[in-house]
Amino acid sequence: MVGRSHRTGGGARFRGHNRNGLRRWVTTCRITDADPGRRFAYEVTAPLGVPVSRWQYDIAPSAKGCTVTETTWTRVPLWFLPLAILITGVYDRIGVNHTHIGTTPPRLKHHLESPRPSAADSSQRSDRPAG
């Protein structure tokens, strides 16, 4: 999911852009918990405010740094399931989410442990043409 955050009265919101093969859909996500070093969570809604899910990341200290636990809850009302299947092409949302959860820790670890450019590196770059 990729999005852009902005502040609102009920917490920061971002738009989720999702895909499954040729299918594409957009959701609205509202951050419900942002406690640095402890928890990050957001709730997902479909258009017209239909609840979809909640995603939560709990962070706990460990001997090697920290442990991140990713949890999701499906919140889709039963009447919306046929539409959700039609839109996403996913019949087993819980199973698919469980599979996707398995991809998050390695991606998060790679992102957090990747070298970042230093201030000196970025000050030597220029987007302007020479001359």
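This report describes the fold and surface of one predicted protein model.

Residues are numbered from 1 along each chain as its sequence is written. In this predicted model, local features need pLDDT of at least 70, side-chain atom pairs count only at pLDDT 80 or more, and totals for chains, interfaces and linings use all residues.

**Fold.** The protein has four helices and five strands. From the N terminus, the order is β-β-β-β-β-α-α-α-α. Helices (H or I, at least four residues) and strands (E, at least two) are DSSP runs, numbered from the N terminus.

Five strands form an open sheet in the order 1-2-3-4-5, with antiparallel pairing. Strand 1 and strand 5 are the edge strands, and each pairs on one side only. Two strands pair if DSSP finds at least two bridges between them. Strand 4 and strand 5 pair over ten bridges. Q56 has T71, in strand 5, as its bridge partner.

Helix 2 packs on the sheet and touches strand 2, strand 4 and strand 5. Contact means heavy atoms within 4.5 Å.

| Element | Residues |
|---|---|
| Strand 1 | residues 13-20 |
| Strand 4 | residues 51-62 |
| Strand 5 | residues 65-74 |
| Helix 2 | residues 93-101 |
| Helix 3 | residues 104-113 |

**Burial.** Of the 131 residues, 21% count as buried. Buried means under 20% relative accessible area, exposed over 50%, and partly exposed in between (1.4 Å probe, protein chains only). L108 lies in helix 3. Why does L108 count as partly exposed? Because its relative accessibility is 30%.

Conventions:
Side-chain values use heavy atoms; hydrogens and water are left out. Axes are lines fitted to C-alpha atoms, for helices over the stretch in contact, and angles run from 0 to 180 degrees between N-to-C directions.
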